[in-house]
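Please have the sequence and the model open while reading.

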Amino acid sequence: MTKYMDVHTGMTGITAEQLSAAHRADLAIEKEEGVHFERAWADPASGTVYCLSEAPSAEAVQRIHERAGHPASEIHPVPLSV
């Protein structure tokens, strides 16, 4: 499976609890698409949220995010890391 970094925008002012709740919403249904969300980060000032996942496709990542109520603005494969 491939790792993906997705970006959400427009979440200005997001709190740690809201980020945690969004992440838990993804985790609750991730197996239905064969996705695993590993971690999420947020910048409340800019409203940008980043999520790292492992998934069969970017489309599977987006389907989970859409169903959880927070579709991604961008999804990027991350084929190389150090």
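β2 and strand β3 (residues 48-55) pair in the antiparallel sense over seven bridges; two strands count as paired if DSSP finds at least two bridges between them. Helices (H or I, at least four residues) and strands (E, at least two) are DSSP runs, numbered from the N terminus. This is a predicted model, in which local features need pLDDT of at least 70 and side-chain atom pairs count only at pLDDT 80 or more, while totals for chains, interfaces and linings use all residues. Residues are numbered from 1 along each chain as its sequence is written, and side-chain values use heavy atoms, with hydrogens and water left out.

**Sheet**
- Four strands make up an open, antiparallel sheet, in the order β2-β3-β1-β4.
- β2 (36-43) and β4 (74-77) are the edge strands, each with a single partner, so one side of each has no neighbour in the sheet.
- From one strand to the next, the twist averages 20 degrees.
- β1 also pairs with β3 in the antiparallel sense, over seven bridges.
- Six of the eight residues of β3 are buried, so this strand is largely enclosed by the rest of the structure. Buried means under 20% relative accessible area, exposed over 50%, and partly exposed in between (1.4 Å probe, protein chains only).

**Residue pairs and the hairpin**
- Ala40 stands opposite Cys51 in β3, and Asp43 has Thr48 of β3 as its bridge partner.
- His8 is opposite Val49 in β3.
- The hairpin of β2 and β3 has four residues between the strands, and Gly47 takes a positive phi near 80 degrees there.

**Helices**
- Helix α2 (residues 58-68) lies across β1 (2-8), β2, β3 and β4, and runs at about 45 degrees to β1. Axes are lines fitted to C-alpha atoms, for helices over the stretch in contact, and angles run from 0 to 180 degrees between N-to-C directions.

**Glu30**
- Glu30 lies in the loop between α1 and β2.
- Glu30 touches Val35, His36, Phe37 and Ile64, not counting residues up to four places away in sequence; contact means heavy atoms within 4.5 Å.
- Glu30 is buried but has no salt bridge, and the nearest side chain of opposite charge, Lys31, is 4.5 Å away. A salt bridge is a side-chain nitrogen of Lys or Arg within 4 Å of a carboxyl oxygen of Asp or Glu. Lys and Arg count as positive and Asp and Glu as negative; His and the chain ends are not counted.
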